Amino acid sequence: MNRSMERLTDYSISDEESIMDIRSELLDPIVSSSYRYTFRLDASSFLDKNSMLLFKANSSTSGNSDDLRLNCWNGGLGCIRAIEFQVGDMQVQRVEDVNLWASTNMLYNLPPSVQTKKLGHYLQNQLQYDVSEAIGAGTSDLTGQVQVDNTNSGMNYGQSDDATGADINSFAMNSIAASNEKIGIPLGMLLPMLTEKQIPLFLFTNYKIHITIEFESDASKFANNKTKTNFAGGEFLAAADGDVSFSDVQMLVDYLILPSRVQNATLMETQKEGGFMIDFVNPLNVKKRIETATANTEQTTEHRLNVVNQEVHYVQQIKQKIQGAGSTENLYKKVLLGQRSDGVSIEEVQFNVNGVDVYTAGPVKNPVEHYNNCSYVLGRDLQVVKPLYMCDPATEASMLSPPDHGLLGLYKPLMLDLSNGEPTVRGGGRVIGEYPIRVIYKRKGHAAVTSTWFAANNFIIAPSDTQACDTTYFVGVSRVMNIKTQPNGSQNVVMSDF
């Protein structure tokens, strides 16, 4: 008892090293072009996930330098098309369409207050919603509807049907880079392997370590232009290709300097027979297409995802309807632009894994169950307002948020969770045998539906959903990096998918 009290009241200083330090370094790219930048990291200590990609987005238009703004949905995140992490000549991880992946798995997996109040300072997204308390000026503006808060959001989208009064509330892009605020994106949002664990860069002393960032060249996918208000001519408040340029691209790297015993213990692991393993989930990008459907007729599409002999943790499907350049329905995507994931009013999905249907009771049709499946993959609910995900006939008929408001069914990814409950990467997923994953997708689209409830104010309450769709699948597979120390003291790095 006395010895226990002694330990509790022993305030002497221990000589054992237990101090962690952080060394921050601002890096300039070693190779760069208009849309591609490569950075070289120092092979020392651990790379922290709070390291940041910094850049400025500038207006390239002449005469209207304050008319552009990054979209309010994911802001600067929408500018990043791809990221690649390399050790020597080995591609450790490359994520294509990282703006779409990170929006679902990182940004909108966070509480709404974090999405805008915190990350709004870094990403410049700033999308707020409200519920209308009175009939508005637009033909579809009724009481009780969920709509964008034009006052507190980063952009005022104006009157819902013709954009009257459209303006930029914050972070307008200027053609002079010095007048624009820097955007900061944590690397942990872009690199999935960094989200899961810190990367021990000091194990790669014999290699050059590079991170390559590729920006999106088509500004219409991520930036708004408040002057593009000719909705009847197919404009939808979107910037044009080439309207945005990037400058001041840097990387603020945080190196975690842990006690020497921690780094030595990691080095000792590399000398063991199996070496030191770093495993992580790598989202593969698979492109498919859904062809144009006939209204009120069921269409079946089967996509095959060739991930044979790999361990899969999840499958995520993101669809984007292909609208003609002059389509009046383009105005419906004025808020999310090219960062959306279009839903269909009546759709169902079945996944066949290793020759067996996953849903034994039949394809999943209920949109609430679709939403629940997202929760299984993300670990929590997808943090979006109801009309963004729900676009079933009941939601459309309720006029909760007519398509003119730019929200209805604009973010409805479909997902499948293949994890087995084990809190590990290797051994935590489903091993795919000799059969590819089959995605059997069915939809029964309809033409645009016009309200006849208000004789003086007919308006579209449901957009057509028979268009062809560009479809992106993110398939999360296990990937392993093995580091072994050779007899001569050098490190050998080997990558494998399982």
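Which residue of β15 is the bridge partner of F39? I looked it up in the model, which is a predicted one, and found I211.

**Entry 1, the sheet**

I then traced the strands around that pair. β3 covers residues 36-41 and β15 covers residues 209-215; the two run antiparallel and are joined by six bridges. On β15 I also checked the pairing with β7, residues 80-87, and counted seven bridges, again in the antiparallel sense. I211 turned up here too, as the bridge partner of F85. I noted that I211 therefore has a bridge partner in F39 and another in F85, by the bridge definition used for strand pairing.

I went on to β2, residues 31-32, which pairs with β3 in the antiparallel sense over two bridges. One of the bridge pairs is S32 with Y37 of β3. Three residues lie between β2 and β3, and the two strands form a hairpin.

I wrote down the whole order as β2-β3-β15-β7-β8, an open sheet of five strands with antiparallel pairing. Which strands are at the edges? They are β2 and β8 (90-96), each of which pairs on one side only. I also looked for a helix on this sheet and found α2, residues 98-105, in touch with β7 and β8. The direction of α2 makes about 95 degrees with that of β7.

Is A82 buried or exposed? Its relative accessibility is 0%, so I counted A82 as buried. Leaving out neighbours within four places in sequence, I listed its contacts as R94, V95, E96, V98, T212, I213 and E214. I also took the C-alpha separation of A82 and N99, which is 7.7 Å for residues 17 apart along the chain.

How many residues does the largest nonpolar core have? I read off 120. The residues with the most contacts inside this core are L41, L53, F55, I80, F85, F204 and M251. I followed F204 from that list: not counting residues up to four places away in sequence, F204 touches A43, V87, I199, I209, M481, I483 and V493. I found a second, separate core of five residues, among them L142, M399, I461 and A462.

I asked which residues of α7 (260-270) are buried, and got Q263, T266 and T270. Why are they on the same side of α7? Around the axis they cover an arc of only 60 degrees, which is the reason. I listed what covers the buried residues of α7, including β4 (46-47), β14 (199-200), β18 (276-290) and β28 (469-485).

I searched for disulfides and the structure holds zero. C79 counts as buried because its relative accessibility is 0%. C469 is in no disulfide either, and the nearest cysteine sulfur, that of C391, is 11 Å away. C469 is buried, with a relative accessible area of 1%.

Methods:
Residues are numbered from 1 along each chain as its sequence is written. This is a predicted model: local features need pLDDT of at least 70, side-chain atom pairs count only at pLDDT 80 or more; totals for chains, interfaces and linings use all residues. Side-chain values use heavy atoms; hydrogens and water are left out. Helices (H or I, at least four residues) and strands (E, at least two) are DSSP runs, numbered from the N terminus. A nonpolar core is a set of buried Ala, Val, Leu, Ile, Met, Phe, Trp, Tyr and Cys residues joined through side-chain atoms within 4.5 Å. Buried means under 20% relative accessible area, exposed over 50%, partly exposed in between (1.4 Å probe, protein chains only). Contact means heavy atoms within 4.5 Å. The arc is that of the directions from the helix axis to the C-beta atoms. A disulfide is a pair of cysteine sulfur atoms within 2.5 Å. Axes are lines fitted to C-alpha atoms, for helices over the stretch in contact, and angles run from 0 to 180 degrees between N-to-C directions.
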